[in-house]
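Welcome, and please open your viewer before reading on. Keep the selection tool at hand, as each stop begins with something to pick.

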Amino acid sequence: MAKLSVNIGSLSLKNPVLTASGTFGYGEEFTPFIDLNRLGGYIIKGTTLEHREGNPYPRMVETPSGMLNAVGLQNKGVDYFINNIYPRIKEYDSELIVNVSGAKVEDYVETARRLSSLDKVNAIEVNISCPNVKEGGMAFGTTTKGAAEVTKAIRSVYPKTLIVKLSPNVTSIADIAKAAEAEGADSVSLINTIMGMSIDVERRRPHLSTITGGLSGPAVRPVAVRMVWQVAKAVKIPVIGLGGIMNGRDAIEFMLAGATAVEIGTANFIDPAVTMKVIDYMEDYCSRHGINDINEIIGEI
Amino acid sequence: MAKLSVNIGSLSLKNPVLTASGTFGYGEEFTPFIDLNRLGGYIIKGTTLEHREGNPYPRMVETPSGMLNAVGLQNKGVDYFINNIYPRIKEYDSELIVNVSGAKVEDYVETARRLSSLDKVNAIEVNISCPNVKEGGMAFGTTTKGAAEVTKAIRSVYPKTLIVKLSPNVTSIADIAKAAEAEGADSVSLINTIMGMSIDVERRRPHLSTITGGLSGPAVRPVAVRMVWQVAKAVKIPVIGLGGIMNGRDAIEFMLAGATAVEIGTANFIDPAVTMKVIDYMEDYCSRHGINDINEIIGEI
Amino acid sequence: MYSRLTLAPADGSKLPEILPGQFVQVAAETPGVFLRRPISINDVDYDKNTIDLLIRKAGTGTAALLSLKENDTVNILLPLGNGFSTTAEPASRLMLIGGGVGVAPLLYLGRKLKETGHCVEFLLGARSGADILEMEQFEEVGRVHISTEDGSLGEKGLVTQHSALNENIDNIYCCGPAPMMKAVAHIAKERNIECEVSLENMMACGLGACLCCVENTVKGNVCVCTEGPVFNINLLNW
Amino acid sequence: MYSRLTLAPADGSKLPEILPGQFVQVAAETPGVFLRRPISINDVDYDKNTIDLLIRKAGTGTAALLSLKENDTVNILLPLGNGFSTTAEPASRLMLIGGGVGVAPLLYLGRKLKETGHCVEFLLGARSGADILEMEQFEEVGRVHISTEDGSLGEKGLVTQHSALNENIDNIYCCGPAPMMKAVAHIAKERNIECEVSLENMMACGLGACLCCVENTVKGNVCVCTEGPVFNINLLNW
Ligand SMILES: Cc1cc2nc3c(=O)[nH]c(=O)nc-3n(C[C@H](O)[C@H](O)[C@H](O)COP(=O)(O)OP(=O)(O)OC[C@H]3O[C@@H](n4cnc5c(N)ncnc54)[C@H](O)[C@@H]3O)c2cc1C
Ligand SMILES: Cc1cc2nc3c(=O)[nH]c(=O)nc-3n(C[C@H](O)[C@H](O)[C@H](O)COP(=O)(O)OP(=O)(O)OC[C@H]3O[C@@H](n4cnc5c(N)ncnc54)[C@H](O)[C@@H]3O)c2cc1C
Ligand SMILES: Cc1cc2nc3c(=O)[nH]c(=O)nc-3n(C[C@H](O)[C@H](O)[C@H](O)COP(=O)(O)O)c2cc1C
Ligand SMILES: Cc1cc2nc3c(=O)[nH]c(=O)nc-3n(C[C@H](O)[C@H](O)[C@H](O)COP(=O)(O)O)c2cc1C
Ligand code: FES
Ligand code: FES
């Protein structure tokens, strides 16, 4: 059997398959369908310093081969996570990665600092790219200066693996990636959702309470693969690829484009067992192609 | 029956339905399926100063609810167009708009200058956003400076209606639109294709000869609607909306978001008679909603 | 257009225990549909190992489900969400109020309540008599009252104006269009009747993972798919 | 997996004149398929007002077409492209060479050539005998030679090695996998045989509007959908 394990910063993942933040709850929701222990890792909901109620309903609309969401980082805050959720989910034999968001640099820093004390959390993914919150969020992700600033500040308090999650809503994502790399990010993950909008033409009003939202699903995959390819060529740190992965073929596509690991997002809604199928496919693909170590194919294009 | 006519610069279109450049040939290809005279206008193939062979085959791959293309502006050059094609297609009772591309500012200017002499061409659409050519093309469309430079130079030689077609591959499309407006563009059209990529995982090579290509089709529609909405709020000139319009509902969606007219692109490949159905839908929609003049709904959101 | 689908596990496995008010997430594999569609469980037959769904054609997804033919298979997740409470006091007067296709979960609920010794009544509302669904099935379970807006069946008017609501009622269980549920909730609050409603918020995952389906409640935004779809009206900000 | 579809205009209209080698663009309305799929016209029956398509399952789109049932309707554009030339000199020896599902357009071509008084021969190649398609139909039209790679039917080897090619041939008409067509074109060039091949470039529109399907020829890039799919090999840069 081929070696599927890959390294991201100081993490050694048993396979390249992670779950995307905001699409996999806290992992627990999926235990009726999958064995969480088989995952390379699971990235949980966007966590902020304080409790957030998120945006008003409606928060979702289906689009061709995708969906728009405007959840807006609803979560109970980092302390609630540490005290109430973490104890419940920390025992899985899979890397638990917390996705961190904030409105101000200080919020990111303080959230990261508090998370750094958790034994079973060896990495955080910093979301500088959420299009669904008014202040901060995407603003940091759309300029090299913003990305550098957040990365640098978090790096100074967070000694474990630091993944910076990039926004696709930019002219040159490679430049943003390089800025994060320069300030000490151990890895970058991309893409977050693409800002989109949908209108109910009969009622003549937007489908989402926030007018615009974030587009995800297979519709965005060609854009995501292109960006992963561009970023992988521009940085030396490992790249985590995501955006519209629906099956094993799609996951391999990202790895050929340069991703060391992948995240599965919206696909979890269509098939809650999709992650297991992706891992199975990877094993099968490697054996069909005579690949001994999946690292061989990373960035082959 | 509702009034469907709209104005773009000095053009008065009998209805808001145009065809998107590169997806409608020279119009002639569609006469077995539609009455060209019913169209608001038809925008023909990207035309350059010199003959261009375009990119090597393969140039196309299907994606979820869309396609990537890498045609690369294959055309016989502006003089061939003027002498051989224009005489054949100029007699339709519908606005004939030529899409103009170039690698250098001077090429755009010279192409526009030559086209300005054609009686039946009352507008050009300047493509500063083609992701499929190495030099120029998208480069102009991704900075306010580039967009301003091209617009200004063409404006100085082209007195008729000047539409600037914008690239979606940018952080702030509203800023690019404002730059074009400031230099005298009569209208902006958006979006051109989003840069994407697709890999054949069995052969482990890209599907396109150029590796990356331009994504079009309904997959991109939510992004296009969002950008039209942003641009329509930022500029005073009329906005032409396109990207993934497959039917009348989609066309109305763009108008509610702020488009004065729409272009139908990839949908022509799926249903060569789609443009007629969109016009019919608009009439029906207006009567169902008690709208006397379609201009009433433009930018309602 | 409405239709009832009867489904059995394709692999012959035994159905899990299903609570009245729970729903399924069904994949409508047809062009233009991406997400699963949430549909209430209308009835369960453990002997035959089948569930029934009652589907109204709302768009492309439901149209595809309605065009399924005998022996076709569909991919389905079940059972999801929390059901109605079935712990009313003995000898209470229970009124199950449904509007349109919202009657769907009330049939199985009625059966379950009957099994636990309750006497149930149904109040079904629709635009006209032709839109009243599954009346015979409901009549097997309890007394059926009908309201139609055009008066073509039962009393003319909205369910909230039906005379069956004039007498004492202890518990209301309601599912239907939001305006109807709100009107019913209003009456229930005024008259201090225990009342549960089943919401139909837009869902992506149906599993509590995406936070798309939230309802703003007295506890803040909560997921309808996991904390609902059935809510006691005291929890809602209606 | 191969299968033949027989289609008649759903509105009862009369088929237009169809040239051998022309193709259709068919909409495979199934999830995951966006563009139409180009398929050669395998046969035409003007009396019955039907066309036949011979389809090989290549992926999702063709799979959906193969699962169509009697009386289903499909959306189709036809006839598209330019056909084979049917103006060979009288008494020429004509060889119609097909590989795999590439035999599709040769049946109608053979019939048409026979109608104009030509004597046609077919040379069909495939991996094994089971993959040789429509042999009986071809035998109605002319003499059939077979090559199979495993030797299970006809001569063992590639079509280009078949003994039927040893004697004098005036015209070759070829459709099949690109490597086979290239090998055939090579032989034709060497021996100065008139040769036409039918290309299967990836298409989006099929109408000459998108310029996606180009083949690099001696005249530069030309659209296979409108200037082809059939090309004289002298035009190709092979
Ligand atoms: C818990 C729950 C139980 C339901 N039970 C039933 C039932 O028993 N029978 C029945 O016929 N319908 C039921 N519905 C409604 C049903 O889910 C929608 O009618 C269906 O999703 C519409 O899909 P479509 O593709 O046919 O229509 P579309 O064209 O997608 O949409 C038509 C309308 O349906 C609604 N809708 C679309 N997608 C969703 C979604 N993912 N979640 C919720 N609403 C959506 C929207 O309001 C939209 O305007 C239930 C919904 C929920 C949330
Ligand atoms: C002029 C012409 C005539 C053809 N005649 C026949 C025929 O008579 N019978 C037959 O079975 N097949 C024929 N083909 C091939 C047929 O079009 C493809 O097999 C089909 O498009 C595959 O679609 P899919 O969804 O099943 O497979 P996919 O999963 O989409 O693709 C499988 C493979 O098919 C090819 N393909 C996919 N889309 C297209 C496209 N739009 N255009 C061309 N190739 C594509 C690609 O090489 C791809 O690798 C013809 C193609 C052309 C261009
Ligand atoms: C409902 C929903 C909620 C999301 N919430 C978050 C979040 O909290 N933090 C984050 O970084 N990304 C969030 N995302 C983005 C995803 O993690 C992912 O980047 C995006 O959906 C693209 O991947 P996909 O196409 O596989 O879903 C969310 C996406 C969805 C659909
Ligand atoms: C095959 C193809 C060729 C195109 N060629 C051009 C072109 O020459 N000039 C141009 O401005 N846009 C070109 N475009 C972009 C379209 O005009 C349009 O902006 C884009 O496809 C989005 O619209 P759609 O989704 O409706 O197709 C081309 C698109 C396609 C698919
Ligand atoms: S639908 Fe995803 S949380 Fe309820
Ligand atoms: S397929 Fe569009 S030009 Fe040939």
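**Before you start**

This is a predicted model, in which local features need pLDDT of at least 70 and side-chain atom pairs count only at pLDDT 80 or more, while totals for chains, interfaces and linings use all residues. Residues are numbered from 1 along each chain as its sequence is written, chains are lettered from A and ligands numbered from 1 in the order in which they are written, and side-chain values use heavy atoms, with hydrogens and water left out.

**Stop 1: a sheet in chain B**

Select strands E5, E6, E14 and E11 of chain B, which form an open sheet of four strands in that order, with antiparallel pairing. Helices (H or I, at least four residues) and strands (E, at least two) are DSSP runs numbered from the N terminus, and two strands pair if DSSP finds at least two bridges between them. Strands of a sheet pair through backbone hydrogen bonds, either parallel or antiparallel.

Which strands stand at the edges? They are E5 (60-63) and E11 (194-197) of chain B; each has a single partner strand, so one side of each is left without a neighbour in the sheet. From one strand to the next, the twist averages 40 degrees.

Now show helix H6 (residues 221-234) of chain A, which packs on this sheet and touches E5, E6, E11 and E14 (212-216) of chain B. The direction of this helix makes about 75 degrees with that of E11(B). Axes here are lines fitted to C-alpha atoms, for helices over the stretch in contact, and angles run from 0 to 180 degrees between N-to-C directions.

To see a bridge, pick B:Met60, whose partner in E6(B) is B:Asn69.

**Stop 2: where chain B meets chain A**

Colour chains A and B separately. Here 44 residues of chain B are in contact (heavy atoms within 4.5 Å) with 44 residues of chain A. The two chains bury about 3700 Å² between them, 62% of it on carbon and sulfur atoms. Buried area is the accessible area (1.4 Å probe) that two parts lose on being put together, summed over both. Highlight B:Met197, B:Val201 and B:Arg204, which supply 19% of the area that chain B buries against chain A, more than any other three residues.

Next, look for charged pairs. A salt bridge is a side-chain nitrogen of Lys or Arg within 4 Å of a carboxyl oxygen of Asp or Glu, and there are four between chain B and chain A. Zoom in on B:Arg288 and A:Glu202, which form a salt bridge with their closest N and O atoms 2.8 Å apart.

Which element gives the most to the side of chain B that touches chain A? Select H6(B), which gives seven residues.

**Stop 3: where chain C meets chain A**

Pick A:Glu62 and C:Arg37 to see a salt bridge whose closest N and O atoms are 2.9 Å apart.

**Stop 4: domains of chain C**

Stay with chain C and colour domain 1 (2-80), domain 2 (84-198) and domain 3 (201-237); these bounds come from an automatic or database domain assignment. The C-alpha centres of domains 1 and 2 of chain C lie 23 Å apart. Between these two domains, about 1300 Å² is buried, 59% of it on carbon and sulfur atoms. Highlight C:Tyr2, C:Pro20 and C:Leu54: they supply 44% of the area that domain 1 of chain C buries against domain 2 of chain C, more than any other three residues.

Two salt bridges are counted between domain 1 and domain 2 of chain C. Select C:Arg4 and C:Glu134, which form a salt bridge with their closest N and O atoms 2.5 Å apart.

**Stop 5: one helix turn in chain A**

Finish with helix H7 (residues 248-257) of chain A, where A:Glu253 and A:Arg249 lie four residues apart, about one turn of the helix. A:Glu253 forms a salt bridge with A:Arg249, the closest N and O atoms being 2.6 Å apart. Over all chains, a search of the whole structure finds 56 salt bridges.
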